[in-house]
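Have the structure open as you read.

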Amino acid sequence: AGPSPLGSKPAVPSSLGPKAATPAPKPAARPPSSSGRPASSGGTPAPSAPPHKPGPGRPKRKRDGPLPRPAKKDMDVVLDRLQRKDKLDIFAAPVTEDLAPDYFDIIKKPMDFRTIRTKAAAGEYATWADVKADVDQMYRNAMKYNTPDTLYYAAAENSLKSSNAAFRVHLQKEAEHLRLGAPAP
């Protein structure tokens with residue numbers, strides 16, 4: 001889509017010099033009202049300050065403060081959406097050695113929906129990218145442990161693709177926040 005035109009400012013031709021960018025002076029007095037008296041705002045006039053003009057390449061607005069943490073209720077909505085697609089509850093709970101004796105020899109960072117929800121409730125996710133990383137880890141683990149001809153591998157592969165759509169809006173908001181210059185936590 002390319003860079004957004006928001007925040008861009010037309011360039012002043014250098015041949016016009018610095019005066020060309022200076023705004024015209026404001027009139028000193030207000031026009032008279034319909035009663036013939038000068039219009040009044042009802043108090044002392046505020047000193048006029050020049051309007052803020054962003055520099056070249058800077059956005060018009062800037063968000064201050066750190067990147068907001070994902071809200072638990074928002075994470076629950078996304079996780080519910082993903083977990084509804086897991087009809088067989090393949091990713092619902094941690095894998096146990098009873099189910100897969102060699103699982104922990106192959107998978108060094110196990111992940112499942114229960115663990116992700118526990119981390120979300122404990123406030124362990126600083127960004128949506130962190131949440132998505134754990135969700136993707138869960139699916140990649142299944143693809144690493146299982147062979148491509150299995151139901152588990154296919155479910156993980158399809159779920160990994162759909163996780164992008166589930167997180168898209170939240171990741172875009174985070175990216176916008178960072179693009180506008182707010183410091184990350």
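What follows starts with the ground rules, then moves to the pocket.

This is a predicted model, where local features need pLDDT of at least 70, side-chain atom pairs count only at pLDDT 80 or more, and totals for chains, interfaces and linings use all residues. Residues are numbered from 1 along each chain as its sequence is written, and side-chain values use heavy atoms, leaving out hydrogens and water.

The largest pocket holds about 400 Å³ of space. Closest to its centre, out of 19 lining residues, sit Ile90, Val95, Leu99, Tyr103 and Tyr152. Helices H2 (103-106) and H4 (128-145) are the elements giving two or more residues to that lining, and H4 supplies the largest share, 4 residues. Here's how the lining divides:

| Lining class | Residues |
|---|---|
| nonpolar | 15 residues |
| polar | 2 residues |

Next, helix H1 covers residues 72-84, and its end C-alpha atoms are 18 Å apart, which agrees with the 18 Å its 13 residues should span at 1.5 Å a residue (the expected span is 1.5 Å times one less than the number of residues). Its buried residues (under 20% relative accessible area, 1.4 Å probe, protein chains only) are Met75, Asp76, Val78, Leu79, Leu82 and Gln83. Helix H3 (113-121), H4 and helix H5 (151-179) are among what covers them.

Leu178 and Pro66 are 112 residues apart in sequence, yet 9.2 Å apart in space, C-alpha to C-alpha.

Key
On a 1 Å grid over the protein atoms alone, a cavity is a set of points where a 1.4 Å probe fits but cannot get out, and a pocket is an open set with protein on both sides within 12 Å along at least five of seven lines; lining residues have an atom within 4 Å of a point. Grid points are joined across faces, edges and corners, and a volume is the space filled by probe spheres set on the points. Ala, Val, Leu, Ile, Met, Phe, Trp, Tyr, Cys and Pro count as nonpolar, Asp, Glu, Lys and Arg as charged, and the others, Gly among them, as polar. Buried means under 20% relative accessible area, exposed over 50%, partly exposed in between (1.4 Å probe, protein chains only). Contact means heavy atoms within 4.5 Å.
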